Amino acid sequence: MAKSSSMNTSDIVKGSSLTKDAFRRLRNNKMSLASTIILLAIILICFLGPLLLPLAHPNHQDLTNIAASPSFAHPFGTDQLGRDLFVRVLYGGRISLLVGAVATCVSLIIGVTYGLISGYVGGKADAVLMRIVDVLFALPFIVLVIVFSLSIEEPSRVATQWIVETFGLPLETVSPIMSLIPLFIAIGALGWLTLARIVRTQTIELKNQEFVEAARSLGLGWATILFKHIAPNLLGVVIVYTTLAVPGIMLLEAVLSFLGLGVRAPNSSWGTLIKEGADRMEVSPELLLFPALLFSLTLLSLNFLGDGLRDALDPKSSKKQ
Amino acid sequence: MRRNANKLFSPIILGILSLFCFVFNSCDRQSSVEKADKEDILLVGNNSEIQSLDPHIASSVADFKVIHSLFEGLLRGDNERDDLYHPGVASRWEMSDDAREWTFYLNSNIKWSDGKNLTAYDFEYAYHRLLHPQFGGRYADMLYVIKGAEQYNKNNRPYFLLSDIPNVSFDWATLRDLDWDKIEKHLDDPYKIEGLSDKESDLIWATLRADRDQGYPDLWGSSSIGVKAVDAHTLKLTLNDPMPQLPLLILHCTWFPVPKHVIEDQGGMLSRAGKWSKPGSLVSNGPFVLKEHQFNNYLEVRKNPLYRLADEISLNGVRFLPIVNGFTETRMFFDNKLHITNNVPPEMIGYAKSKSPLEFCEDDYYVSIFYRINTQKAPLNDEKVRKALSLAIDRDSLVKDVVRGAGTASFGFTPCGAGYETPHQITFNPQLARQLLAEAGYPEGKGFPAIELLTTSREVQKTMAEAIQGMWKKHLNIHIDIRSCEWTAYKQAQNSMNYDLCSSSWSGDYFDPLTFLDLWTKISGNNNTGWSHPDYEALIARAKSTVKLEDRMKVLAEAESLMLSQMPVLPLYWSKRVYLKKPQVRHWNPLLLDNHLIEKVSLQEQSK
C-alpha cells in the first residue's frame with residue numbers, strides 16, 4: 001500500500017500536473033500574459049504609488065489652480081476644486097480594486113459553501129436551496145443592491161460613531177471605509193447566485209465519482225469529503241469565475257457610485273471620477289479621459305486574463321488547441 | 001452555465017448603452033427646437049421633477065413655475081418689472097383709506113377651463129382650504145396678513161367662539177393671555193376665571209362646552225375671518241395691518257383660486273392625495289391648461305382657449321423638462337433640444353459664454369444661497385459651533401473659484417434691494433472660528449462628532465459642499481460627511497428635520513425683505529431649522545405693522561442682526577441667474593423674482 005502510493009506521487013511529479021499544464025498554456029496565450037502584466041502594474045502603482053512617491057493628499061484643494069491642464073506638477077491636470085487628478089485616480093483605483101476584491105471574496109465564500117452543500121446533500125434540501133436562488137435571481141439585481149445599501153446606511157452610521165469613540169480613530173479615516181462596507185456587503189451578498197449554481201452542478205458531477213465513493217467507504221465525515229475532496233476539484237472553475245466576476249463587480253460599483261450610492265465625497269472611486277468627468281467633458285476632457293482609460297484597461301485586462309485562465313484550466317478546451 | 005453570467009452581463013450593459021445612444025441620436029434630422037418652433041411650443045428647462053401642481057401643496061420653484069402658467073390670481077404681474085401689476089381675474093379693486101380693507105371686483109365672464117364660471121366663492125374656498133387647520137398647508141403663513149387667518153390656521157377656537165358672542169363686554173385682547181390649555185382640560189369642572197365676572201366666566205365655559213358637544217364644527221364662517229365673498233363677483237379681504245403693498249403679495253401662487261367644484265368632486269377639501277391636480281382632471285383658469293405629464297421626461301401645457309386674453313397668446317404650448325443636471329441641460333441646449341435652460345453650472349460659464357455670447361444670459365436674481373442648520377441636534381445646538389462653522393467659510397473664494405463670479409458673497413442673509421440695507425454681519429475669520437470651537441469643547445476639532453451635510457444631487461451643490469468641507473477641514477480640523485439625495489428625498493429629509501446641515505436656497509416670493517426674514521419665525525412652514533426667538537417674533541410682528549418704509553426696513557434689519565447673531569443658517573452667497581436662451585425667444589425679460597409671464601413670450605421665426 002505504502003509502496004504504491006509513493007509510486008503514484010513520483011508519477012505525478014514526473015508527469016505534467018494540471019496546474020503546471022495550465023501555467024504553460026497561460027504563458028503561451030499572449031493576450032493573457034500582457035493583461036496580467038498591465039493588471040499587476042496598475043495594482044502596484046495604485047497601492048504602492050502613494051506610499052513611495054511624494055504625492056499630494058487626494059483631497060487637498062487648491063482653489064487658485066482649478067481645472068488646470070496636465071503639466072509636470074499635475075500629470076493628469078487638476079479637477080474642479082484644484083485637486084490633483086493623478087493622485088485622485090490612484091486613490092480611486094485603490095477603492096475600486098478593493099471593492100472588486102473584497103466583494104468577490106464575500107460572494108466566493110457564500111457561493112461556494114452554498115453550492116457545495118446544495119449539490120452534495122441533494123434531494124429535497126437541494127430543491128429548496130435552489131428555488132431560493134431562483135427567487136433571488138428573479139429580483140432585479142441593481143434595485144436590490146440599492147435597497148440593501150440604503151437600509152444598512154443608518155446602522156453603518158451608528159457603527160462609525162461607535163468605532164470613533166471606542167478606538168479614538170480620526171473620523172475622516174473611519175468614515176470613508178465604513179461608507180464602503182454597505183457596498184461590500186450588498187454586492188457580495190447578492191453576487192453569489194451564479195457561483196452557487198456552478199458549484200452545485202460541479203458537485204453533483206463529482207460526488208458520484210469513484211474517489212468520493214472511496215473516501216466515503218473509508219468512513220470520512222461529510223464535511224471532510226466536501227472540503228478536502230470535492231472543493232479542491234472545483235478550484236479551476238472557481239478561479240475562472242472569480243477573474244471574470246471582479247470586472248463585473250467593479251462595474252457595478254461604478255454604476256452605484258454613478259448613481260450616488262457608493263463612495264462618499266470627498267473620496268472617490270473610478271466610478272465617481274468618471275461621472276464627474278463625464279459632466280465636464282466639454283470643458284476639461286482630461287477629467288473623463290484618464291480615469292476612464294485606467295478603468296477600461298483594468299476591466300479589459302481582467303476579462304482577457306479570465307478568458308485565458310478558462311482555456312488554460314479546462315482540459316477539454318485545451319485538447320482542441 | 002460555465003460560460004457564466006458575467007460574460008452576459010457586459011453585453012447587456014453595452015446593449016443598453018447603445019440603445020440609449022440610438023434613441024438619443026437617431027431622433028431627428030430636424031432638431032427638437034426646430035420642430036417646436038414650427039408648432040410654437042416653448043421648451044423650458046425646469047430644474048427638477050414637479051412634486052405637485054396643487055397650489056396649496058406645491059413648495060418648490062419648479063412647481064411654482066408650472067402653476068404660474070396654469071392659474072391666475074386676482075391680479076397678474078408684469079413681464080418687465082417686478083413691482084408692477086395688472087388686472088387678472090379681478091378687473092378692478094378698491095382699498096379703504098387705512099389700507100386694511102380691500103374689495104376686488106371680479107371680471108364676470110371668467111371661466112374655468114372646463115367651462116364653469118369662476119366666482120369669488122372659488123377664492124374664498126381656496127383660502128379656506130389652505131388655512132384649514134387639518135389641511136397642513138406649508139405656505140399657509142403667506143395668508144396670515146388676513147385678519148383671523150393665523151388664529152384659524154392654528155385652530156385657536158376660543159378666539160372665534162368668543163368674538164362671535166353678541167353683547168358682551170370683554171374682547172379678545174383682554175382674553176388673549178388666559179391659559180387656554182388649562183381651561184380646555186377643566187371643561188367638566190369649571191372654576192372662576194380670574195379677572196372676569198362670574199357671568200362672563202360662565203359664558204366662556206358654556207361656549208367652549210357647547211363647541212365640544214357639537215363636535216368642534218368648522219369655524220370658517222365666523223365674522224372674525226377677513227375673507228368674504230360678498231356675491232359671486234365681489235371678494236372682500238380684511239387685513240390685520242395696513243398693507244398698501246398687498247397687490248404685490250397676492251401675485252404669489254398661494255393666493256390663486258382653486259376649482260371648488262372639481263376638488264369637491266375628487267376627494268374633498270382636505271384630501272391631500274386628491275386626483276384633481278393630476279393630468280386629465282386638472283381644471284385651471286390661467287393662460288395654459290395641463291396636457292400631458294410624463295414622469296422624469298416632460299410636462300406639457302397647451303394654450304387655454306377659455307383664458308380671458310386667449311387671443312393675445314402667441315405660443316401654442318410650453319414643455320417643461322425636469323433636468324436636474326446643469327451640465328446635461330447645457331449640452332441639450334447646444335444640441336438644440338431646449339429654448340431656455342434653467343441654469344448653467346459655474347464650470348461651464350466660460351465655455352458657454354465663448355461658444356455663444358448672444359445666447360448667454362446673466363440676470364440679477366432675488367435669491368439667497370445658504371445652509372440650514374438643525375439647531376435641535378448636538379453639537380449644532382451650540383451657538384458657538386454654528387458661529388465657528390460660519391467664520392471658517394471663505395465666501396469670497398467660494399464666489400470667485402467655485403461659483404465663478406456668478407454671484408456675490410453674502411455678508412448677511414437677505415439680499416439687498418427693495419430699499420433694504422442688509423446688515424454686515426458675516427466675516428471670514430478662521431482664528432476666531434478655532435477659538436469659538438475650542439470654547440465649545442472641541443479644541444483643534446478634537447472629539448467633534450460625525451455630522452452630515454445634506455445636498456440635492458445638483459452638481460454645483462456637490463462641488464460647493466466639497467469646497468466647504470475642505471475649508472472646515474483646513475481651518476477647524478473637523479470632518480463633515482456629504483450626503484447627496486435625489487430631490488424628493490432631500491425635501492422630505494429637510495421638512496422632517498432629519499438632517500444636520502442642509503444646503504438650501506430661498507428665492508423671494510415677493511419683492512420685499514420680509515419674504516426672506518419671515519422664514520425664521522416659529523410659525524413659518526419653511527423654517528425647518530428648529531430655531532426661534534421671542535424677540536425675533538416681536539420684531540417681525542412690529543415690522544409688519546409699521547407702515548413707513550424706512551422705519552420698517554430698520555426694524556427688519558434689526559431682526560436680521562438678531563437672527564444672524566445666533567446663526568441658525570450659514571449664508572453663503574447671493575446668486576445670479578445664469579442661463580441660456582435661444583435668440584428666437586422674445587419677451588423673456590430679466591426679472592428679479594423670475595416670475596416670467598410665459599403667455600407673453602413668443603417665438604419669432606428665424607430667417608434662414
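The legends below walk through several close-up views of a predicted two-chain model.

Residues are numbered from 1 along each chain as its sequence is written, while chains are lettered from A, and ligands numbered from 1, in the order in which they are written. Because this is a predicted model, local features need pLDDT of at least 70 and side-chain atom pairs count only at pLDDT 80 or more, whereas totals for chains, interfaces and linings use all residues.

**View 1. Chain A is built from 14 helices and 0 strands.**
Helices here are DSSP runs of H or I with at least four residues, strands are runs of E with at least two, and both are numbered from the N terminus. Read from the N terminus on, the elements of chain A go α-α-α-α-α-α-α-α-α-α-α-α-α-α. Taken along the principal axes, the C-alpha atoms of chain A fill a box of roughly 80 × 45 × 40 Å. Of the 321 residues in chain A, 41% count as buried; a residue is buried if 20 or more other C-beta atoms lie within 10 Å of its own, exposed if 12 or fewer, and partly exposed in between, with C-beta atoms placed from the backbone. Among the contacts in chain A with a separation of 6 or more, 69% come from residues 24 or more positions apart (contact: C-beta atoms, placed from the backbone, within 7 Å).

**View 2. Helix 4 of chain A covers residues 85-121.**
With 37 residues, helix 4 of chain A reaches 53 Å from its first C-alpha to its last, close to the 54 Å expected at 1.5 Å a residue; the expected span is 1.5 Å times one less than the number of residues. Helix 4 of chain A is mostly covered, as 26 of its 37 residues are buried. Look just after this helix for A:Gly122, which takes a positive phi of about 65°.

**View 3. Chain B meets chain A through 29 residues from chain B and 30 residues from chain A.**
On the chain B side, helix 1 (5-26), helix 13 (346-355), helix 15 (395-402), helix 17 (459-476) and strand 15 (480-485) each supply at least two residues. Helix 17 of chain B gives the largest share of that side, 8 residues. By type, the chain B side divides into 11 nonpolar, 10 polar and 8 charged residues. Here Ala, Val, Leu, Ile, Met, Phe, Trp, Tyr, Cys and Pro count as nonpolar, Asp, Glu, Lys and Arg as charged, and the others, Gly among them, as polar. Between helix 17 and strand 15 of chain B, the loop holds B:Asn477, which has a positive phi of about 60° although it is not a glycine. B:Asn477 counts as partly exposed because it has 17 C-beta neighbours inside 10 Å.

**View 4. Helix 2 of chain B (residues 32-39) has buried and exposed sides.**
B:Val33, B:Ala36 and B:Asp37 are buried in this helix. They cover an arc of only 105° around the axis, which puts them on the same side of helix 2 of chain B; the arc is that of the directions from the helix axis to the C-beta atoms. On the other side of the helix, B:Glu34, B:Lys38 and B:Glu39 are exposed. The buried residues pack against strand 1 (41-45) and strand 20 (602-603) of chain B. Just after helix 2 of chain B, B:Asp40 takes a positive phi of about 55°.

**View 5. An open sheet of 4 strands in chain B has the order 4-5-7-6, with antiparallel pairing.**
Strands pair if DSSP finds at least two bridges between them. Strand 4 (90-95) and strand 6 (227-231) of chain B are the edge strands, each pairing on one side only. In chain B, 4 bridges join strand 6 to strand 7 (residues 234-238), and B:Lys228 stands opposite B:Lys236 in strand 7. The loop between strand 4 and strand 5 of chain B holds B:Ala99, which has a positive phi of about 60° although it is not a glycine.

**View 6. The peptide bond from B:Ala378 to B:Pro379 is cis, with omega near -5°.**
Find B:Pro379 in the loop between strand 12 (367-373) and helix 14 (383-391) of chain B.

Definitions and conventions:
Two residues are in contact if their C-beta atoms, placed from the backbone, lie within 7 Å.
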